[in-house]
Amino acid sequence: MQIIFDDKDLEELITTGHNSKYKKYIRNAKFMKALAIAYNYLRLSERAIDLRSISFLHYEQLSGTNGMSSIRVINGMVERILFREFEGGIRITVLSLDDTHYGNKK
């Protein structure tokens with residue numbers, strides 16, 4: 001699947017493992033490895049709905065968000081990758097890495 005990033009800082013974090021905006025994540029090696037795995041599953045999926053079969057990602061279509069979906073980066077943490085799917089599953093746009101999902105009060 002083609003992935004287009006709206007957040008260039010997030011793209012840099014995922015592709016290089018470094019970014020000044022996301023410093024707190026870089027220090028967590030376990031999180032960074034899980035982020036790379038989640039990204040690879042996104043990239044290799046033909047359609048976003050295919051992510052539902054990968055249970056640890058906890059794929060869900062978010063209600064009331066105009067077609068946004070999310071996947072969990074790592075179990076035990078609330079960080080999720082939020083994205084929109086376009087053109088029948090051919091292209092998705094990664095919007096953000098969200099740590100406020102489920103009302104998290106960090």
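How many salt bridges does the count come to? The count comes to 4 salt bridges. Keep in mind that this is a predicted model. Here are my notes, point by point.

1. Let's start with Asp7 and Lys21. Their side chains meet in a salt bridge, with N and O 3.4 Å apart. This pair links distant parts of the chain: Asp7 sits in the loop between E1 and H1, while Lys21 sits in the loop between H1 and helix H2 (23-26), 14 residues apart. As a bit of background, side chains of opposite charge can pair when their charged atoms come close.

2. Now look at how covered those two partners are. Asp7 has a relative accessible area of 11%, so it counts as buried. Lys21 comes out at 52%, so it counts as exposed. If you wonder about the cut-offs, buried means under 20% and exposed means over 50%.

3. Stay with Asp7 for a moment. Its loop runs between strand E1 (2-5) and helix H1 (8-16). Besides the bridge to Lys21, the side chain of Asp7 reaches the backbone nitrogen of Asp9 at 3.0 Å.

4. Glu11 is partly exposed at 27% relative accessible area, whereas Lys8 counts as exposed at 54%.

5. Arg47 and Asp50 make another salt bridge, at 2.9 Å from N to O. Arg47 is partly exposed, with a relative accessible area of 42%, and Asp50 is partly exposed as well, at 25%.

6. Leaving charges aside, which residues form a nonpolar patch on the surface? They are Ile37, Tyr41 and Phe56, and together they have about 230 Å² of accessible area. Phe56 lies in the loop between helix H3 (29-44) and strand E2 (60-61). With a relative accessible area of 34%, Phe56 is partly exposed.

7. Finally, have a look at Met77, in the loop between strand E3 (68-72) and strand E4 (80-86). What does Met77 touch, not counting residues up to four places away in sequence? With those left out, Met77 touches Asn28, Phe31 and Arg72. Take Phe31: it is 46 residues from Met77 in sequence, and the two are 8.9 Å apart in space, C-alpha to C-alpha. Met77 is partly exposed, with a relative accessible area of 26%.

Note on methods. Residues are numbered from 1 along each chain as its sequence is written. This is a predicted model: local features need pLDDT of at least 70, side-chain atom pairs count only at pLDDT 80 or more; totals for chains, interfaces and linings use all residues. Side-chain values use heavy atoms; hydrogens and water are left out. Patches are made of residues with over 30% relative accessible area and no salt bridge: like charges are joined within 9 Å, nonpolar side chains (Val, Leu, Ile, Met, Phe, Trp, Tyr) within 5 Å. Accessible areas come from the Shrake-Rupley method with a 1.4 Å probe; for residues, only the protein chains shown count as cover. Helices (H or I, at least four residues) and strands (E, at least two) are DSSP runs, numbered from the N terminus. Buried means under 20% relative accessible area, exposed over 50%, partly exposed in between (1.4 Å probe, protein chains only). Contact means heavy atoms within 4.5 Å. A polar contact is a pair of N or O atoms within 3.5 Å; within protein, one must be able to donate a hydrogen and the other to accept it, and residues adjacent in sequence count only if both atoms are side-chain atoms.
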